[in-house]
Protein chains: 2
Amino acid sequence: MELTNRELEMAERIRNIKQLSGSHSPGILSILKQVPEIALKVDACYLSNPYATDIFLSYFSRELIETGRIRDVVEFYPSQNRVIAGYLAKAVDASPETVFVSNGATEAIQAILQRRVPRKLLINIPTFSPYYEFAPKQTKVIYNRLNKESEFKLDSDRYIDMIRKEKPDAIVLINPNNPDGGFLSEEVILRVLEASKSVDTVILDESFVDFATLGSQPESPSMSGLCKKYRNLVLIKSLSKDFGVAGLRAGYAIMAPERVDDLLSNGFLWNVSGIAEYFFQLHLREDFKADYRQARRRYVNEVRSLHSSLRAIPQLKPYPTMANFVLTEITDGTRAADLEARLLVTHGVYVRNCSDKIGLEGEFIRIGARTSEENELVINAIRRSFNG
Amino acid sequence: MELTNRELEMAERIRNIKQLSGSHSPGILSILKQVPEIALKVDACYLSNPYATDIFLSYFSRELIETGRIRDVVEFYPSQNRVIAGYLAKAVDASPETVFVSNGATEAIQAILQRRVPRKLLINIPTFSPYYEFAPKQTKVIYNRLNKESEFKLDSDRYIDMIRKEKPDAIVLINPNNPDGGFLSEEVILRVLEASKSVDTVILDESFVDFATLGSQPESPSMSGLCKKYRNLVLIKSLSKDFGVAGLRAGYAIMAPERVDDLLSNGFLWNVSGIAEYFFQLHLREDFKADYRQARRRYVNEVRSLHSSLRAIPQLKPYPTMANFVLTEITDGTRAADLEARLLVTHGVYVRNCSDKIGLEGEFIRIGARTSEENELVINAIRRSFNG
């Protein structure tokens, strides 16, 4: 792929913005602020169900804006953590004392890493970078490499050997994993849990689980129920991606009651906003749940169809995914950074160049699914990028 | 004051709700949920400028709802802590690296207490209860009593002696103080700071400072500028009260850059919502600032006038205040709990019964100022309560 001068110049500017933003890809809004010439059509870097955003906004508009109730949620304090945990617990079928409401999953991740992992942490790579970035400074991070040759599947024998040998304080399983979308079956998770009884904390991050489907089951294959049996299991869940509401900062974790007590005795009293509280309350309502289920199904179909379209592009090798994105290797020698720049500058499509992901060797981009119209634009833009 | 049977029965129910809610007065919404018979007219327990809420809601409605920009702040991630600190710093005239953006002042209070006060904490009482509730378990809390006989004024000589003798890790000054509204002059604060150079952390909580006025000065008498000189000074500021937006969870702290770094290396990456970010951005705008200044002035006048009206009630002794509430002693032998119950049950007015405040002996209620019409209702309800 031979970039034009304009593409080269813009690629350079984007690279500089990225360097300043650390290990998180800069949001498209901050890129657009600094490079206003970009005519953005689709932000396929962003991992969020836009149909679910529509659902939340329609409830919000009807029930808070049109009625004037917005004043109450802005003017008054939200409920305290335990109160919100109480109604969330009903929605996710957990005991209230096992639920920790968090200001986005990030807050739960940071709190657990800071409080439970003083010495050693085992994570799979490639992974979601906060898991190593937010480990305490003195904590040793050990990496278990997932290989592209085996489609990033976890080799559970080798993994369990590693746990026995390294004796980490905590291990992290993201299911489905980010950035590859690989899914661990309940059987594998159970094997790991059984082998990890002397590990203080097993983090299972299910932030993308609502995009996974098993056979013809209508519900997502969450394994949150395992928290009842395994006292060292901490389940972390972002609600940003599946419900399309990252700006609300809403997530939660399920863990043994004494761990929730420990966190709450150290803060987190009023850690979500009044509007986030309204969102959490919607989870108890059949009308909202039915609307969400429909948005989920529709979106999951879009992801599957995006994956098929990517497979039909000869220069790409998309990996299997149960998440809402497709990790795609570029197999014709094109650099990921070049494809990223051309897509953004010439076609207005922003994808995630994964060159900076630790443990990922080769040229990879990650494409998040959007609406069907937007996905079509993305596919056409990629085809045209390769065809000059 | 002889309560009726109905008042007695309701008083009992309210007492039970309070016992369940811990040391924070239950919000009126949770009382109403459990005692729906109450016909609430004014929530004078709540400490927030309602005129400022109007201002925020008018910007929010015009700029986010009517334009559809609400979708962006809901769907996408807010900016990271440092970015928001960057524009807040401009608004409060501090260096960006000294600003820690927090999810309400509570988050900053909890973070500082947990990280900087391992051993001993000196606080004045009566005070805002989180300062002792959120101290680490092993930390010894030492109380310096403010006396009603001297109108809750700080005796700075005795206080400085106590600092020298006790050698606490941290001391807390709330200015104006909650629940009495007493104000410390810059001269006193400077004396304390000079005498506290060996104290690790001096917390100055200015959450109510926007309600204070000095002579004819148009701006609030914040002492945030002192952070530049005193490296152990941590200024904490809620924006819930002065801007009337507690539901947004927006606050900040100003402190030495290495202290901000320490906090951010332990979390707090995306700790405020997209709507809170919009609110922080408003602080940079001249139009919003002008509107807010007007709402502030109008409300401060209401507080002064509420204070005068309370002084004219023979059974009450209101203490001087520079905050947005009036701590009032009941001098005719009536119990604060009885007055609270009658006001709520018979007149629909909710005030804060301060019997549970550590360090406050006698019968006290705290009355938060609302709009002029609401304050008039409160005054009339109190008069009628005493007259049978």
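**Conventions and confidence.** Residues are numbered from 1 along each chain as its sequence is written, and chains are lettered from A, with ligands numbered from 1, in the order in which they are written. In this predicted model, local features need pLDDT of at least 70, side-chain atom pairs count only at pLDDT 80 or more, and totals for chains, interfaces and linings use all residues, while side-chain values use heavy atoms, with hydrogens and water left out. The pLDDT is the predictor's confidence in each residue, from 0 to 100; chain A averages 94, and 98% of the residues score at least 70. For the complex, the predictor gives an ipTM of 0.93 and a pTM of 0.94.

**View 1. The axis relating chain A and chain B.** Two copies of a chain are related by a rotation about an axis and a shift along it. Here, with superposition by least squares on the C-alpha atoms of residues with pLDDT of at least 70 in both copies, chain B is brought onto chain A by a rotation of 180° with 0.0 Å of shift along the axis, at an RMSD of 0.0 Å. The two copies are therefore related as by a two-fold rotation axis. In chain B, the C-alpha nearest the axis belongs to B:S273, at 3.7 Å from it.

**View 2. The interface of chain B and chain A.** Taking contact as heavy atoms within 4.5 Å, 47 residues of chain B are in contact with 47 residues of chain A. Because 100% of the interface residues of chain B are also interface residues in chain A, the copies meet through the same surface. About 3,900 Å² is buried between the two chains, 57% of it on carbon and sulfur atoms, where buried area is the accessible area (1.4 Å probe) that two parts lose on being put together, summed over both.

View 3. With a salt bridge defined as a side-chain nitrogen of Lys or Arg within 4 Å of a carboxyl oxygen of Asp or Glu, the rule finds 4 across the interface of chain B and chain A. One of them pairs A:R370 with B:E75, whose closest N and O atoms are 2.9 Å apart. The interface also holds 28 residue pairs in polar contact, both residues being at pLDDT 80 or more; such a contact is a pair of N or O atoms within 3.5 Å, and within protein one must be able to donate a hydrogen and the other to accept it, residues adjacent in sequence counting only if both atoms are side-chain atoms. On the side of chain B that touches chain A, at least two residues each come from α3 (50–65), α4 (70–75), α6 (104–116) and α11 (274–282) of chain B, and the largest share, 7 residues, comes from α3(B). Helices (H or I, at least four residues) and strands (E, at least two) are DSSP runs, numbered from the N terminus.

View 4. The side chains of A:K289 and A:E286 form a salt bridge with an N to O distance of 3.2 Å. These two residues, A:K289 and A:E286, are separated by about one helical turn because they are 3 residues apart in helix α12 (residues 286–311) of chain A.

**View 5. Backbone features in loops.** A cis peptide bond, with omega about 0°, joins A:I125 and A:P126, and A:P126 is found in the loop between β3 (120–125) and α7 (130–133) of chain A. In chain B, B:N175 and B:P176 are joined by a cis peptide bond with omega about -5°, B:P176 lying in the loop between β5 (170–174) and α9 (186–195).
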